[in-house]
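User: I'm new to this structure and would like to learn how to read it. Could you walk me through it, one feature at a time?

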Amino acid sequence: MTEHKARILLAEDNDGDVFLVRRALQKRGVSHELVVMHNGEEALAWLDGHAGQQNGDGAPELILLDLNLPRVDGAQLLSHIRKSDSFCRTPVIVLTSSDSPKDRQMALELGANLYFRKPTDLASFMDLGRIIEETLKAVAI
């Protein structure tokens, strides 16, 4: 029997942050397949292409979403996700450099499960691996 790999969609335009997310997952030992989209338009197209599929068929089990994406911003993408029959229950963690209470409130009102402010230190960023692991375990229950 093969180990289950959680499919995670990461919508993030900063390659440095993509690297840190990969590192946090590896450091925590989360078995995963990370699908990276560098702008909101790509992420929308990818999600629409996987609509109606089950997790084992390619749909993500978790979505990590930057708010400040080019072409289609994270808020628009999150709104689309929550209106989608296919992904309305998929957990979404917003990853952002914004510490604005307005952004946090907006993300949570649009249906984000968690709001993770990207920290400036590596150790704190690595905590994202634990958060992702806990979120995936909760989904599996």
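This is a predicted model: local features need pLDDT of at least 70, side-chain atom pairs count only at pLDDT 80 or more; totals for chains, interfaces and linings use all residues.

Analyst: Happy to. Let's start with a single residue. Leaving aside its neighbours within four places in sequence, Leu77 is in contact with Ala11, Gly40, Ala43, Leu44, Leu47, Leu65, Leu69 and Val72.

User: How should I read a list of contacts like that?

Analyst: Start with the general idea: in soluble globular proteins, nonpolar side chains tend to be buried together. Now the case here. The largest nonpolar core has 23 residues, and Leu77 is among those that touch the most other members, along with Leu9, Leu47, Ile63, Leu65, Ile81 and Val94.

User: Which elements give two or more residues to this core?

Analyst: Strand 1 (6-11), strand 2 (32-37), helix 2 (40-50), strand 3 (62-66), helix 3 (74-83) and strand 4 (92-96) do. Helix 2 gives the most, with 4 residues. There's also a second, separate core of 22 residues, which includes Ala6, Val30, Leu95 and Leu128.

User: Now the sheet, please. How do strands hold on to each other?

Analyst: In general, strands of a sheet pair through backbone hydrogen bonds, either parallel or antiparallel. In this model, an open sheet of 5 strands has parallel pairing and the order 2-1-3-4-5. Strand 2 and strand 5 (114-117) are the edge strands, each pairing on one side only. On average, neighbouring strands of this sheet are turned by 20 degrees against each other, direction ignored.

User: How many bridges join strand 1 to strand 2?

Analyst: There are 6, and the two strands run parallel. Within strand 2, Ala6 has His32 as its bridge partner, while Leu9 has Val35. Strand 1 is also joined to strand 3 by 4 bridges, again running parallel, and there Ile8 is partnered with Leu62.

User: Are the residues of strand 1 buried or exposed?

Analyst: Strand 1 is mostly covered, with 6 of its 6 residues buried. Ala6, Ile8 and Leu10 point one way, Arg7, Leu9 and Ala11 the other way, and all are buried.

User: Why does Ile8 count as buried?

Analyst: Because its relative accessible area is 0%, and the cut-off for buried is under 20%. Leaving aside its neighbours within four places in sequence, Ile8 is in contact with Leu25, His32, Glu33, Leu34, Val35, Leu62, Leu64, Ile132 and Leu136. Here's another pair to look for: Ile8 and Ile93 are 85 residues apart along the chain, with their C-alpha atoms separated by 11 Å.

User: Where do the helices sit against the sheet?

Analyst: Take two of them. Helix 3 packs on the sheet and touches strand 1, strand 3 and strand 4, its direction making about 155 degrees with that of strand 3. Helix 5 (residues 122-140) lies across strand 1, strand 3, strand 4 and strand 5, running at about 165 degrees to strand 5.

User: Last topic: how do I read aromatic rings?

Analyst: A pair of aromatic rings is described by the distance of the centres and the angle of the planes. A search of the whole structure finds 1 aromatic pair. Phe116 and Phe125 have ring centres 6.1 Å apart and planes at 80 degrees, so the pair is edge-to-face. Phe116 is buried, with a relative accessible area of 10%, and Phe125 counts as buried at 2% relative accessibility.

Methods. Residues are numbered from 1 along each chain as its sequence is written. Side-chain values use heavy atoms; hydrogens and water are left out. A nonpolar core is a set of buried Ala, Val, Leu, Ile, Met, Phe, Trp, Tyr and Cys residues joined through side-chain atoms within 4.5 Å. Buried means under 20% relative accessible area, exposed over 50%, partly exposed in between (1.4 Å probe, protein chains only). Contact means heavy atoms within 4.5 Å. Two strands pair if DSSP finds at least two bridges between them. Axes are lines fitted to C-alpha atoms, for helices over the stretch in contact, and angles run from 0 to 180 degrees between N-to-C directions. Rings of Phe, Tyr and Trp (its six-membered ring) pair if their centres lie within 6.5 Å; planes under 30 degrees apart count as stacked, over 60 as edge-to-face and the rest as tilted.
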